[in-house]
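Subject: Structure handover

Hi,

Here is the structure I promised to pass on.

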Amino acid sequence: MARYGIVVDVTRCNGCYNCFLACRDEYCGNDYPPYSLAQPMTGQFWMRVIERERGKYPKVKVAYMAVPCMQCVKMSNDGAVYRRPDGIVLIDPVKSKGQKEILTSCPYRVIYWNEEKGIPQKCSMCAHLLDQGWKEPRCVEACPTGTLVFGDLDDPESEASKLLASKKTEALHPEYNMKEKVTYIGLPKRFVAGTVVFGDIDECAENVTVTLIDSRKKKTTKTNNFGDFEFEDLPENKEYTVKIESPGYASQESNVKTITDIYMGEIILKKLKNKK
């Protein structure tokens, strides 16, 4: 028996919302008993796209994160919420009627209340289509960039399983410890960036060495032809020293802490005076 899951590669997502639209197209106005009843036209997001903006002008980054049900919610004793052998968690639209408390079992807040029908609802990973022989859910099929990778997590040859084996995936909220079946690659972390300028000629400082130093290790990069440098994928609340060096110029050091993303602005290098 397969054990299904999805890997979301955030670095590939361009925010087209095709996954969201495909989900709406599949479920709004369409009942699929015993899997699910129709999703309302408003108020529910079985596939949600979160837009996260980081940094400040002129160094601003935007990441898009697709968030479906993580297929991790706790089961109920009366069968209103149950897990299939393939790992997909479903909410029975008959047995769950009137059980609004089911919403509180989800730390990701992706279970919604249908006021008209009096039932909790969520993403079903298109179980009704998989049971008909489909190879992937509608959201995955509609993704034009390969952001969403669906597969059997127990099949070492599936692309999703290979991505898990790469050790590059992580839960959206690992602190929840929910054994999520949806994991992520490239979740946005903190960055430190800046622009270096040669002060004597007022030009972008290309090929300058910039070193990011913490208590254990250091990372080194070179400025590009615009004088820009960047260190990505940094942990939160970490202290660093940024050292900037170029032959013929006085080196500079600054201390930063990644409480938030950091753009250091223009850093002016001063020309060393020739010794007589």
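I start with the surface. Tyr-57, Val-60 and Val-62 make a nonpolar surface patch of about 340 Å². A patch takes residues with over 30% relative accessible area and no salt bridge, joining like charges within 9 Å and nonpolar side chains (Val, Leu, Ile, Met, Phe, Trp, Tyr) within 5 Å. Areas are Shrake-Rupley values with a 1.4 Å probe, and for residues only the protein chains shown count as cover. Val-62 sits in strand 3. Its relative accessibility is 40%, so Val-62 counts as partly exposed. The classes are buried (under 20% relative accessible area), exposed (over 50%) and partly exposed in between, with a 1.4 Å probe and protein chains only. Strands (E, at least two residues) and helices (H or I, at least four) are DSSP runs, numbered from the N terminus.

Some ground rules. This is a predicted model, in which local features need pLDDT of at least 70 and side-chain atom pairs count only at pLDDT 80 or more, while totals for chains, interfaces and linings use all residues. Residues are numbered from 1 along each chain as its sequence is written, and side-chain values use heavy atoms, with hydrogens and water left out.

Now the pockets. A pocket is an open set of points on a 1 Å grid over the protein atoms alone, where a 1.4 Å probe fits, with protein on both sides within 12 Å along at least five of seven lines; lining residues have an atom within 4 Å of a point. Volume is the space filled by probe spheres set on the points, which are joined across faces, edges and corners.

The largest pocket has a volume of about 370 Å³. Its lining has 21 residues, and Arg-52, Leu-172, His-173, Leu-187 and Pro-188 lie nearest the centre. Strand 2 (48-56) and strand 3 (59-67) each give at least two lining residues. Strand 2 has the largest share, with three. By class, the lining has 13 nonpolar, one polar and seven charged residues. Here Ala, Val, Leu, Ile, Met, Phe, Trp, Tyr, Cys and Pro are nonpolar, Asp, Glu, Lys and Arg charged, and the others, Gly among them, polar.

The second largest pocket holds about 150 Å³. Its lining includes Val-62, Arg-54, Lys-61 and Glu-232. Strand 3 and strand 14 (228-234) are the elements that give two or more residues to this lining. The largest share, three residues, is from strand 3.

Last, the salt bridges. The count is 18, taking a side-chain nitrogen of Lys or Arg within 4 Å of a carboxyl oxygen of Asp or Glu. Asp-154 pairs with Arg-3 at 3.1 Å, N to O. This pair links distant parts of the chain, 151 residues apart. Asp-154 is partly exposed at 45%, and Arg-3 is partly exposed at 29%.

Asp-86 and Arg-84 meet at 2.6 Å, N to O. Both Asp-86 and Arg-84 are buried.

Glu-253 bridges to Lys-243, with the closest N and O atoms 4.0 Å apart. Glu-253 is in strand 16 and Lys-243 in strand 15, so the pair ties together parts 10 residues apart in sequence. Glu-253 is exposed at 54%; Lys-243 is partly exposed at 24%.

There is also a salt-bridge network, which links Arg-54, Lys-59, Lys-61, Arg-190, Glu-230, Glu-232, Glu-236 and Asp-261.

Best wishes
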